[in-house]
Amino acid sequence: MAVRSKPAAPMVAKSNGHRDDEGESKMEPHVGLEFNSAEEAQEFYSVYATQVGFKIRIGQLYRSRVDGSVISRRFVCSKEGFQTNSRTGCPAFVRVQKVDSGKWLLANINKEHNHEFESSGETCPPRIQRKSFPTPRSSAGGASRTGIRSHEDDSPSGVVDSKRFKKEDMDGVGGPTGEPYKGLEFNSADEAYKFYQTYAANIGFRIRIGQLFRSKHDGSITSRRFVCSKEGHQHPSRVGCGAYMRIQRQESGRWVVDRLQKEHNHEFDSPTDPSRTVSVASKGYREEGSSVLENLDLVETNGGLSLVKRVRESNIVSDWYNMLLEYFQSRQAEDTGFFYSVEMREGKGMNIFWADARSRFSCAQFGDAIVFDTTYRRGSYSVPFASFVGVNHHRQPVLLGCALIADESEESFTWIFQTWVRAMSGCRPVSIIADQDRPIQHSIAQVFPGTHHRFSAWQILAKEQENLGALLSMDAEFKYEYETCIFQSQTGSEFDSAWNMLTNKYNLRENEWFKEMYRMRKNWVPLHIKGTFFAGIPVDGGLKSYFGTVLTSQTPLNEFIVRYEKALEQRRKEEGNEDFNSFNLQAVLHTKDPIEEQCRRLYTITMFKVFQKELLECYSYVGIKINVEGAISRYLVQKCGNGDERNTVAFNASNLNISCSCKTFEFEGVLCRHALKVFQIMNVRELPSAIFCIGGVKSEMRHTTRR
């Protein structure tokens with residue numbers, strides 16, 4: 001295999017195992033390296049990967065628009081992406097470009113990995129996908145956390161497994177000892193945790209794992225905090241103590257203490273044996289995956305451990321806890337980004353939450369508008385299964401986490417929402433679609449104070465039939481006026497006037513549900529929700545169920561996991577197919593408008609078709625300028641031959657910002673026909689990037705464009 005560099009670069013050794021005077025050479029890929037073919041480039045990168053300790057696979061290819069020939073290829077780390085459990089989203093890759101001479105030039109490279117390497121020079125056997133799962137154990141104590149990672153596997157990734165430390169870990173040598181100070185270095189986050197745990201035990205306090213911070217580039221953990229167990233005010237044992245130690249990951253892979261607060265606001269306990277402190281944390285009173293969430297405090301009384309007493313009973317059958325904990329632990333051993341948490345009360349399991357790495361990554365992309373799906377509540381159920389679902393850039397549902405709900409109390413929903421936020425690294429959505437029940441309303445207001453809560457359509461329809469069923473079925477005039485009030489009102493005063501008319505005309509002043517729905521109108525009336533981004537989820541419907549009929553609230557225990565993974569695999573395959581189509585197929589253009597060509601390049605196929613429909617419709621509209629205020633012009637846009645359909649469009653000539661009274665862009669993230677008509681009038685030939693920030697809407701582009 002001939003491998004050449006550009007003249008400015010030194011000659012690179014061939015990849016045939018030859019040795020020089022210094023011993024075996026390890027070839028380093030670099031920009032400018034030249035190959036006779038793409039296959040030679042792949043072979044070179046594969047040999048290099050084997051020497052370093054990772055594996056590769058073929059990534060994207062790019063074709064010429066002239067003749068369709070391949071002009072560029074990417075070779076990526078085998079752990080790139082999140083399509084399988086073994087992948088960690090590793091960003092490492094090389095890209096080779098075909099040049100005019102017919103040679104292939106290494107054009108781009110990223111050598112940074114977000115995982116540990118295998119033994120250098122060895123080719124690792126492929127990981128076999130798990131198809132069966134452990135048989136559920138009969139005892140609650142059978143769910144052990146041991147065996148997930150070996151003690152020697154202290155990864156620099158920042159994952160801390162606080163429950164696997166044994167007494168010999170605390171007594172053994174290795175790693176810093178003594179008092180913490182800024183600049184203290186550790187080989188791993190585990191080592192830092194162990195050090196701070198020992199220090200705390202010697203002083204007379206306990207610690208738990210606090211916040212973590214992730215890289216915006218690859219999602220890897222870059223910093224973490226270990227806090228005093230009395231930090232915060234979540235329950236009576238905590239007093240808001242400010243003591244903590246924060247560690248930061250360095251480029252070398254080591255961790256250094258960069259922030260430290262030693263002052264406590266409470267008295268210390270008697271110093272304890274460090275090994276006892278660690279063993280307490282591993283007794284299983286609260287199982288929590290990846291240590292991403294804060295551990296629940298255990299109050300020590302009379303030499304034992306107890307939790308704050310709550311009068312609550314779980315609707316989850318005990319066998320479910322045993323089975324799911326074993327499943328979670330087996331998943332976590334394969335997927336380091338897999339997260340789970342179980343709420344414990346009086347030594348008994350309550351709510352359960354889990355999310356894999358793919359769901360957590362998807363939340364960063366599509367977590368602006370979410371649905372908290374609790375359709376199990378519509379009837380009898382075997383398992384109270386709920387899911388968090390978003391909408392991707394193909395208008396497909398995307399899973400953002402799952403939960404089993406122990407009871408329908410405000411406390412349960414609050415715990416689930418808080419757990420979701422922490423699992424998603426602090427993500428808070430712009431909008432959420434969830435049921436109307438008071439416990440859910442209060443929990444959303446507490447955990448997502450700035451989020452627009454929209455009521456589930458199915459529940460509104462059910463309550464509507466319960467409270468207005470007779471009128472709706474027997475009085476056609478009422479039904480028409482009622483639906484016109486809800487769906488046709490253009491302004492708040494128009495809606496109020498129509499609602500008051502219904503109240504008086506049909507004697508609904510004493511109807512408590514009718515009065516309550518008016519009071520909560522901002523949570524369900526289209527007029528009030530269309531100004532918020534809901535990823536285009538219809539106002540009179542909902543998002544298609546993520547699990548469909550494959551997994552329901554009637555699914556028995558022995559089939560739950562198999563069906564869950566089957567549905568997950570099916571949905572992610574559908575998303576992969578759409579990704580492939582958007583990068584390799586092109587939609588047909590119907591006009592010569594350059595905006596249409598621009599959006600075909602930018603949007604996914606699904607979203608382009610939505611945009612294209614609006615563009616074609618705009619030719620049936622006319623726009624009339626009605627006033628000008630400085631740089632802002634206002635247009636009245638209406639359909640030809642239909643004076644009833646009118647909308648006002650405001651256009652800012654200084655920055656090309658545009659907004660329409662129909663609020664389609666704010667609601668869906670796609671420009672409406674009325675705005676496009678004004679762009680045509682103003683002869684705008686290309687959509688400015690600033691247009692995608694209209695109305696302060698958060699990141700709609702992630703829901704429409706190719707990634």
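## Overview

Which strands does helix H8 lie across, and at what angle does H8 run to E22? Helix H8, residues 438–447, lies across strand E21 (431–434) and E22, and its direction is at about 160° to E22. This arrangement belongs to a predicted model, and the sections below describe other parts of that model.

The protein chain contains 18 helices and 26 strands. Of its 707 residues, 51% are buried. Among the contacts in the chain with a separation of 6 or more, 60% are between residues 24 or more positions apart.

## Confidence

The average pLDDT of the protein chain is 78, and 77% of the residues score at least 70. Residues 2–25 have a pLDDT below 50, and this stretch has 40 contacts in the model beyond near neighbours in sequence. Residues 692–701 also have a pLDDT below 50, with 19 contacts in the model beyond near neighbours in sequence. Where pLDDT is low, the predicted coordinates should not be read in detail.

## The seven-stranded sheet

Strands E21 and E22 belong to an open sheet of seven strands, in the order E16-E17-E20-E19-E18-E21-E22. The pairing in this sheet is mixed. Its edge strands are E16 (339–345) and E22 (452–455), each of which pairs on one side only. From one strand to the next, the twist averages 20°.

Strands of a sheet pair through backbone hydrogen bonds, either parallel or antiparallel.

## The five-stranded sheet

A second open sheet has five strands in the order E9-E13-E12-E11-E10, and its pairing is antiparallel. Strand E9 (185–186) and strand E10 (207–214) are the edge strands, each pairing on one side only. Two bridges join E9 to strand E13 (residues 255–261) in the antiparallel sense. Glu185 has Val256 in E13 as its bridge partner.

Helix H3, residues 189–203, lies across E9, E10, strand E11 (221–228), strand E12 (244–249) and E13. The helix runs at about 165° to E12.

## Helix H6

How many of the ten residues of helix H6 are buried? Helix H6 spans residues 357–366 and has eight buried residues, so it is largely enclosed by the rest of the structure. These buried residues are Ala357, Arg358, Ser359, Arg360, Ser362, Cys363, Gln365 and Phe366.

Two packed helices are described by the angle between their axes and the distance between the axes. For helix H9 (residues 457–474) and helix H12 (residues 512–519), the axes come within 9 Å and cross at roughly 145°. On the H9 side, the residues in contact are Ile460, Lys463, Glu464, Asn467 and Leu468; these meet Trp513, Phe514 and Met517 in H12. By class, this contact comprises five nonpolar, one polar and two charged residues.

Helix H10, residues 476–488, includes Lys479. Lys479 has a relative accessible area of 39%, so it counts as partly exposed. Its C-alpha atom is separated by 9.7 Å from that of Leu468, which is eleven residues away along the chain.

## The annotated SWIM-type region

An unreviewed UniProt entry carries the annotation "domain: SWIM-type" for residues 647–683. In the model, the chain over residues 647–683 is 38% helix and 24% strand, and the end C-alpha atoms are 20 Å apart.

Most residues other than glycine have a negative phi, and most peptide bonds are trans. Lys663 has a positive phi, near 60°, and is not a glycine. This residue is in the loop between strand E26 (658–660) and helix H17 (664–668). Lys663 is partly exposed because its relative accessibility is 34%.

Asn683 is not a glycine either, and its phi is positive at about 55°. Asn683 is located in the segment after helix H18 (673–681). Is Asn683 buried or exposed? The relative accessible area of Asn683 is 53%, over the 50% cut-off, so this residue is exposed.

Notes:
Residues numbered from 1 in each chain as written. Predicted model: local features only at pLDDT ≥ 70, side-chain atom pairs only at ≥ 80, totals over all residues. Heavy atoms only, no water. Pairing = 2+ DSSP bridges. Helix = DSSP H or I, 4+ residues; strand = E, 2+ residues; numbered from the N terminus. Axes fitted to C-alpha atoms, helices over the stretch in contact; angles between N-to-C directions. Contact = heavy atoms within 4.5 Å. pLDDT = per-residue confidence, 0-100. Nonpolar A, V, L, I, M, F, W, Y, C, P; charged D, E, K, R; others polar. UniProt positions renumbered as here; feature names shortened; annotations may be inferred. Buried < 20%, exposed > 50% of the residue type's maximum accessible area, 1.4 Å probe, protein only.
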